[in-house]
Amino acid sequence: MLKYISKRLLRSFLTLFIIMSITFILMRQMPIEGYFQNYDKLSEAQIQNGIRMLGLDKPMPVQLFNFYKNLLKGDLGMSLRYRNNVPVTEILAPKIPVSVRLGVMAILLALILGLPLGTLMARYKGKLPDHLGTAFIVFIQAVPAAVYYLFLQLYGTELLGLGLLFDPDKWTAWILPVFSMSLGNIAYYAMWLRRFMVDQSTKDYVQLAKIKGVSGSKLMFRHIFRNAFVPMVQYLPATFLNTVIGSIYIESLYSIPGMGGLLVDVIKKQDNTMVQGIVLLFATVGVIGLVLGDLLMVVLDPRISFGAKRGNR
Amino acid sequence: MAKKTILSVKDLNVKFNLRGKILHAIRDVSIDVYKGESLAIVGESGCGKSVLNKNFIGMLDVNGFVESGEILYFGLNGTEAPGQAVDLAKFKKERDWLKIRGKEICMILQDPMTSLNPLKTIGSQIAEAIRLHQNLKGAELKKAVIKTLEDVGIEDAKRRCRQYPHEFSGGMRQRVVIAIAIACKPKILICDEPTTALDVTIQAQILGLLKELKSKLDLTIIFITHDLGVVANIADRVAVMYAGEFVEIGMCEEVFYDPRHPYTWALLSSLPQLGVKGKELYSIKGAPPNLFKHIEGDAFAVRNPKALKIDFIEKPPFFDITPTHKARTWLLDKRAPKVEPPEYIRNIRCGKEKRG
Ligand SMILES: Nc1ncnc2c1ncn2[C@@H]1O[C@H](COP(=O)(O)OP(=O)(O)OP(=O)(O)O)[C@@H](O)[C@H]1O
Ligand SMILES: [Mg+2]
């Protein structure tokens, strides 16, 4: 077990390393304006001086090495344009909990609503609940997210009597962003769970369970749902990423002081070090999703043995 | 010993609705199953063996329905109907079937590799059956699980009940499936080709186990198979099925040594054991009839080279040969011409006379 986990973690670090290196190298190809507060007003000598100070004149491998060296010390560099000469970590620190809270709530809500919806659709396959659910899923997947995000904001804020500014201390203020962010995943979870449950319910072992007298909700949950949930786990990483992507738009829409909104801001302002820092965080979330998916799979399915050759899947 | 009927099927007709077309899968089937016997149902693939038996536990596919007929079950001895028959053909709701499934009638499926839940331990799957039907809990339940596993011949049961199905071989899994079935304490056990997916030595072991359990637990067994070798091994009585109906029913020796229906002849002639060395093995020509269409006369007539004219016009009734043996063929009518069975069948008869 331990060996499997450490191997898996090592691989995730490698993934992160590759993502970060590529981002870093790409950022260096941007115009150097991105490293100065008011580039236009600076003299040539000041610019050269700045470049030397930031180490931008060194060869790429050296720069990359320095970046990782600082990263290990927990230093992501200074923000230069978004805020002048403030450490990136200092800017990010208060925003991380906001985004994490939003993301976790959105995923939980998606699970709480999506799984029962999928179960209901499988249970009443071909009947009204199934049709309604399918209509919902098709709607969510066909209509661009921005459209229903805006729609929800427009009518939702009015309905809930919210002000235009986001107030993190008022719990009602969280309702709309969390709900908007979870919609995509609700559809996703419901769609896959329905499919896997319908698959499972035609299996022989379900027949045998029925023959021995298991019925109704026991059959539905102890056998069909339980077994359909295992393949669902594969899709967990994708939903983590969905949430991250959703947060980028939702946070700026509701002016939530989180990282998604921030990413849009810093890209607009061409603050290269800030972009690097945020990409690193988002990539980490994605990789954590992947690892979590794999580990859950191992825990839930006894046929997958921990990394040993015996597993037949 | 007087035979007590435990299950009585009367003029059963089962149909399937396939995209608006109606398939007549079970045609006017009647049969009595006696308490404590083992009845084999034989016939080629698609003749309706599984469909017939699924009716007894309410497991018909959703597009299937009982059009007419009765399935009387006499085994219930609870307060609801002591000694009285209940008509299973009238059951509609899942709740009705819960009285029957498991504790009255249980079934073993063909493929042991897929019959067990891959994510649950063997022990918990047996425990689930015991909890449903025997009201045991805690340590007693655990003991009962281990005892059941030992009853089906699994060694080291204490350890093995914590294992998952993928840690068991095919034969072992079928033993587990049998353990689940007997844990329900059923009165009738339907075995739908329980050994088809297993190799020959394992087959013999499983058949041996079923025979042993039958006498130990006083089970009534309905055995579905197309392997006549298996029939000879396990059955007291044989019912031969063709195109959704029974064509011959009799005690095992009667059907094997004195078969009367041309289809039974054909079926026996294709047994490898009866083939003559150097001669090509007999195989039945043609295909079974299309069950979407109405069948005129004797369903087997079109494939029977020696069919009589009347076979194509009118469906024969059952003719009694002995009190326990009957066949549905015009050959048994007084007016019928004498038609000799094929050579193989005559050989068996001679063999029997010489020996007997
Ligand atoms: N759900 C269904 N819908 C339509 N037709 C069906 C359905 N289930 C079974 N049938 C038909 O009913 C007939 C009898 O099938 P059944 O499964 O009972 O055959 P069988 O005798 O058990 O064959 P085998 O030896 O292959 O198991 C077949 O012609 C089959 O095509
Ligand atoms: Mg079958």
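Author: Start with chain A. Of its contacts (heavy atoms within 4.5 Å) with a separation of 6 or more, 71% join residues 24 or more positions apart. The model is predicted: local features need pLDDT of at least 70, side-chain atom pairs need 80 or more, and totals for chains, interfaces and linings use all residues. Residues count from 1 along each chain as written, chains are lettered from A and ligands numbered from 1 in written order, and side-chain values use heavy atoms, without hydrogens or water.

Chain A has 13 helices and two strands. These are DSSP runs (H or I, at least four residues; E, at least two), numbered from the N terminus. Its C-alpha trace spans about 85 × 55 × 30 Å along the principal axes. Of the 313 residues in chain A, 44% are buried. Buried means under 20% relative accessible area, exposed over 50%, partly exposed in between, for protein chains only. The accessible surface (Shrake-Rupley, 1.4 Å probe, with only the protein chains shown as cover for residues) is about 16,900 Å² for chain A. Carbon and sulfur atoms hold 67% of that surface.

Just after helix 2 of chain A comes Gly55(A), with a positive phi of about 80°.

Helix 1 of chain A gives another view. This helix covers residues 2-28 and includes Phe17(A). Phe17(A) counts as partly exposed because its relative accessibility is 42%. On the surface, Phe17(A) forms a nonpolar patch with Leu14(A), Ile18(A), Ile22(A) and Leu26(A). Together the five have about 490 Å² of accessible area. Patch residues have over 30% relative accessible area and no salt bridge; nonpolar side chains (Val, Leu, Ile, Met, Phe, Trp, Tyr) are joined within 5 Å, like charges within 9 Å. A salt bridge puts a Lys or Arg side-chain nitrogen within 4 Å of an Asp or Glu carboxyl oxygen.

Last, a glance at chain B. Here four strands make an open sheet, in the order 2-1-4-5, with antiparallel pairing (at least two DSSP bridges). Strand 2 (21-34) and strand 5 (86-87) of chain B each have a single partner strand, so one side of each lacks a neighbour in the sheet. Strand 1 (residues 5-18) and strand 4 (residues 64-73) of chain B share eight bridges. Asn13(B) stands opposite Ser68(B) in strand 4 of chain B.

Terms used
Buried means under 20% relative accessible area, exposed over 50%, partly exposed in between (1.4 Å probe, protein chains only).
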